Amino acid sequence: MPTGLTPVAGAPSRVAAALRHLGPLRFDGRCKSYRLISDLAGVRLERLRILCDRIAGDLENVYPERIGLPLSIPASGTLLLFSDRHRYREYVAAEEDLAAGYAGFAMPWAGIVALPAGDVAEDEIARTLAHELAHLARRRAFGRELPPWLDEGLADAMGESATSRGFLPLSDEAPMAALRRRLADGYRSGRVAALTTLVALDRDTFDRAPAAYDYEQAALFVRFLLLDPALAPAFRLWLSDLAACGEDLAGELPSALASSWPDLEHRFRLAYSFD
């Protein structure tokens, strides 16, 4: 049986660090099972509270349905919505261990999700929020860190299909169009590495190249594995084994799928017309 970890409600030191950069506090309440803190106010705050409730609530059903692992441990954590993108960037810069990307981030070990929301379209907020909440859900489902290709790929299986109205089916091609075009360009120019290179990357090397395609490749590869009729059942079983054993089984993925890396590479590229 998969073994998860109880989520952190929001490490006090990390929440305090965020509050030092947030504008005057306007809201400290709830988004489903999460604490929601924001310096937004008025109609904008109310609309994003409704959006947050919808995404956080739906994710509790969508995540196990897509990944094949239960979320039997109740959700918890602290969500921080910044009204000002500049303040958010100052916060990221001040916290040296945070990712440099500005779309949003999650710290599952601290139970924190933060993103700028003042001048961002609601559909984009929904995508970012779903992606980052999926990182927190991963702690409850797997109980451990995952290799970055899998961690980001599973999070994108949530985020890329999220809208302000809820989740689209994973099979819907429209949300993946931009990722698919960019990765196709990378394959045509010969700048996308083999899948064996992708799965070997650690956090210090994943998406670190000046023109990396790691996120796009991980997102589309995991989506391919979740949707392919012949591979999806075995892939979900492999995910269950990964959660149960607490070890990195990336090297065993081809055998678990009754395949090989060259075969998976060929089938993946064929599925998205990358060849």
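Me: What makes strand 3 (residues 78-82) and strand 5 (residues 112-116) a pair?

Reply: Two strands pair if DSSP finds at least two bridges between them. Strand 3 and strand 5 are joined in the parallel sense over five bridges, so they meet that condition. Leu81, for example, has Leu115 in strand 5 as its bridge partner. The strands are DSSP runs of E with at least two residues, the helices are runs of H or I with at least four, and both are numbered from the N terminus. Bear in mind that this is a predicted model: local features need pLDDT of at least 70, side-chain atom pairs count only at pLDDT 80 or more, and totals for chains, interfaces and linings use all residues. Residues are numbered from 1 along each chain as its sequence is written, and side-chain values use heavy atoms, leaving out hydrogens and water.

Me: What makes strand 1 (27-31) and strand 4 (105-107) edge strands?

Reply: Look at the order: the five strands form an open sheet arranged 1-2-3-5-4, with mixed pairing. Strand 1 and strand 4 each have a single partner strand, so one side of each lacks a neighbour in the sheet. On average, neighbouring strands are turned by 20 degrees against each other, direction ignored.

Me: How do you know that helix 2 (residues 42-67) packs on the sheet?

Reply: Contact means heavy atoms within 4.5 Å, and helix 2 touches strand 1, strand 2 (34-38) and strand 3. Its direction makes about 30 degrees with that of strand 1. Axes are lines fitted to C-alpha atoms (for helices, over the stretch in contact), and angles between N-to-C directions run from 0 to 180 degrees.

Me: Why is strand 5 called largely enclosed?

Reply: Buried means under 20% relative accessible area, exposed over 50%, and partly exposed in between, with a 1.4 Å probe and protein chains only. Five of the five residues of strand 5 are buried, so the rest of the structure largely encloses it. Ile112, Ala114 and Pro116 point one way, while Val113 and Leu115 point the other.

Me: Why are helix 6 and helix 11 called oblique?

Reply: Angles under 35 degrees count as roughly parallel, over 145 as roughly antiparallel, 65 to 115 as roughly perpendicular, and the rest as oblique. The axes of helix 6 (residues 177-188) and helix 11 (residues 261-271) cross at roughly 125 degrees and come within 12 Å, so this pair is oblique.

Me: What makes helix 5 (residues 148-159) and helix 9 (residues 232-245) oblique?

Reply: They pack at about 120 degrees, with axes 14 Å apart, and that angle makes helix 5 oblique to helix 9. Trp149, Leu150 and Leu154 of helix 5 meet Phe235, Trp238, Leu239 and Leu242 of helix 9.
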